[in-house]
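Here is a report on one protein chain, written for a reader who has the sequence and the model at hand. Please keep the structure in view while reading.

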Amino acid sequence: MGHEQRVRAFYDYAGPAYEALMDDVWHHGDPVAEARGLSPQQAARALEERLVRLAGLGPGDRALDFGSGVGGATVHMAAFTGATFVGLSNNEGLSQRARRLAAERGLADRVQFLTVGDEDYTTLAAWPGMSFDAITFYESVCHLPHKERFFRSAHRLLKPGGALVGVDWLQRPFGAHRTPEEIARFIDPVNDTIRLAGLGTLHDYESMLEDAGYHVTLAEDLFPGVPCWGSTPPEDRPKWLGYDGPGGELIQAGKHALDAARGAGVFTVGAFAAHRLDSAS
Ligand SMILES: C[S@@+](CC[C@H](N)C(=O)[O-])C[C@H]1O[C@@H](n2cnc3c(N)ncnc32)[C@H](O)[C@@H]1O
């Protein structure tokens with residue numbers, strides 16, 4: 001089984017687990033909002049709002065959300081901006097949950113969720129060039145073995161002036177853990193248990209975006225100089241470690257691995273904004 005297929009199979013059990021543990025939004029939030037006392041979910045909304053503002057999305061615009069999970073971020077961005085969204089996932093179970101959420105929120109006419117093939121992200125060939133005003137991603141690109149191909153495909157789909165904005169899991173040297181081997185000691189178990197294709201650094205993402213032709217306007221480590229414990233309230237820990245639904249042991253192993261990497265400081269989360277400036281197709 002290839003990596004992308006393993007990711008799809010992972011979400012057969014991780015999808016219901018994450019929904020039980022995190023409801024409908026599965027990405028980190030704005031640490032400033034959390035420091036002001038907002039919940040992880042409210043902080044996630046605040047980060048989504050910050051990024052779609054940077055993208056300049058408004059009513060009538062058309063956006064693609066890559067890796068939409070059960071749809072919480074996609075539906076909120078659509079409600080907040082007035083734009084039309086297409087959410088993409090490679091797991092139909094997730095897309096079904098997301099469609100239900102859009103219908104419950106009265107947004108089914110503006111938010112569509114599609115299940116794509118596992119490798120479709122390398123070309124996004126289903127859409128003609130310049131189809132979208134913005135493309136968003138929230139903690140989905142980290143699953144992709146060919147991240148640079150996703151960024152290039154997304155660039156083709158953006159209208160000139162269009163924006164790619166998103167958040168992703170990253171690795172970095174931190175404290176005493178500075179060599180590739182020391183970092184890998186913490187990050188490899190995260191990649192393995194959560195089916196990530198290898199985490200990039202902030203600089204890797206900037207380079208991939210620039211190589212794909214974007215003008216990068218934001219590449220920010222959301223937890224500079226401190227371990228990343230964002231959206232991880234200590235009181236949630238027993239819920240994760242006691243999760244006994246399908247795949248429970250694997251969910252618990254992922255939590256252990258990620259918390260070890262958080263504690264070592266080598267795991268962090270980055271926020272990105274980049275624009276397509278050229279007019280070529
Ligand atoms: C951690 S979830 C993020 C969900 C959502 N963005 C959120 O923040 O709540 C990762 C998402 O990436 C999607 N994904 C991973 N690999 C993919 C691939 N090869 N093609 C399409 N989607 C993929 C998964 O199906 C899932 O929807």
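Ser 231 counts as buried in this predicted model, because 22 C-beta neighbours lie inside 10 Å and the cut-off for a buried residue is 20 or more. Its place is the loop between strand S6 (214-221) and helix H9 (237-241). The phi angle of Ser 231 is near 55°, a positive value in a residue other than glycine. Most residues other than glycine have a negative phi.

Met 130 also has a positive phi, near 60°, and is not a glycine. This residue lies in the loop that links strand S3 (111-115) and strand S4 (132-138). Met 130 is partly exposed, because 16 other C-beta atoms are found within 10 Å, a count between the limits of 12 or fewer for exposed and 20 or more for buried.

With 15 C-beta neighbours inside 10 Å, Ala 184 is partly exposed. Ala 184 and Asp 244 are 60 residues apart along the chain, and their C-alpha atoms are separated by 28 Å.

The table lists the surroundings of these residues.

| Residue | C-beta neighbours within 10 Å | Class |
|---|---|---|
| Ser 231 | 22 neighbours | buried |
| Ala 184 | 15 neighbours | partly exposed |

**The chain as a whole**

The chain contains 10 helices and seven strands. For 281 residues, a compact globule would have a radius of gyration near 19 Å, and the chain, with 18 Å, agrees with this. The C-alpha trace spans about 45 × 45 × 40 Å along its principal axes. Of the 281 residues, 46% are buried. Among contacts between residues at least 6 apart in sequence, 77% join residues at least 24 apart.

**The sheet**

In what order do the strands of the open sheet run? The order is S3-S2-S1-S4-S5-S7-S6, with seven strands and mixed pairing. S3 and S6 are the edge strands, each pairing on one side only. On average, neighbouring strands of the sheet are turned by 15° against each other, direction ignored. Strands of a sheet pair through backbone hydrogen bonds, either parallel or antiparallel.

S4 and strand S5 (residues 158-171) are a parallel pair, joined over six bridges. Phe 132 has Leu 158 in S5 as its bridge partner, and Tyr 138 stands opposite Val 167 in S5. S5 is largely enclosed by the rest of the structure, because 11 of its 14 residues are buried.

**Helices on the sheet and on each other**

Helix H3 (residues 40-55) lies across S4, S5, S6 and strand S7 (267-276), and runs at about 150° to S5.

Helix H6 (residues 147-157) has several buried residues, including Lys 147, Phe 150, Phe 151, Ala 154 and Leu 157. An α-helix has 3.6 residues a turn, so residues three or four places apart point the same way. Among the elements that cover the buried residues of H6 are strand S1 (62-66), S4, S5 and helix H8 (202-211). S6 and S7 are included in this cover too.

Two packed helices are described by the angle between their axes and the distance between the axes. The axes of H1 and helix H5 (residues 92-104) come within 9 Å and cross at roughly 30°. H1 contributes Tyr 11, Asp 12, Gly 15 and Glu 19 to this contact, while H5 contributes Gly 93, Leu 94 and Arg 97. By type, the residues of the contact are two nonpolar, two polar and three charged.

**Around the ligand**

Which residues are closest to the ligand? They are Trp 26, His 27, Gly 67, Gly 69 and Ser 140, out of 24 residues that surround the ligand. Helix H1 (3-22), helix H4 (72-81) and strand S2 (84-89) are the elements that give two or more residues to this shell. H1 gives the most, with three residues. The shell divides into 11 nonpolar, 10 polar and three charged residues.

Definitions and conventions:
Residues numbered from 1 in each chain as written. Predicted model: local features only at pLDDT ≥ 70, side-chain atom pairs only at ≥ 80, totals over all residues. Near = placed C-beta within 6 Å. Helix = DSSP H or I, 4+ residues; strand = E, 2+ residues; numbered from the N terminus. Nonpolar A, V, L, I, M, F, W, Y, C, P; charged D, E, K, R; others polar. Rg over C-alpha atoms; globule rule 2.2 N^0.38 Å. Contact = placed C-beta atoms within 7 Å. Pairing = 2+ DSSP bridges. Axes fitted to C-alpha atoms, helices over the stretch in contact; angles between N-to-C directions.
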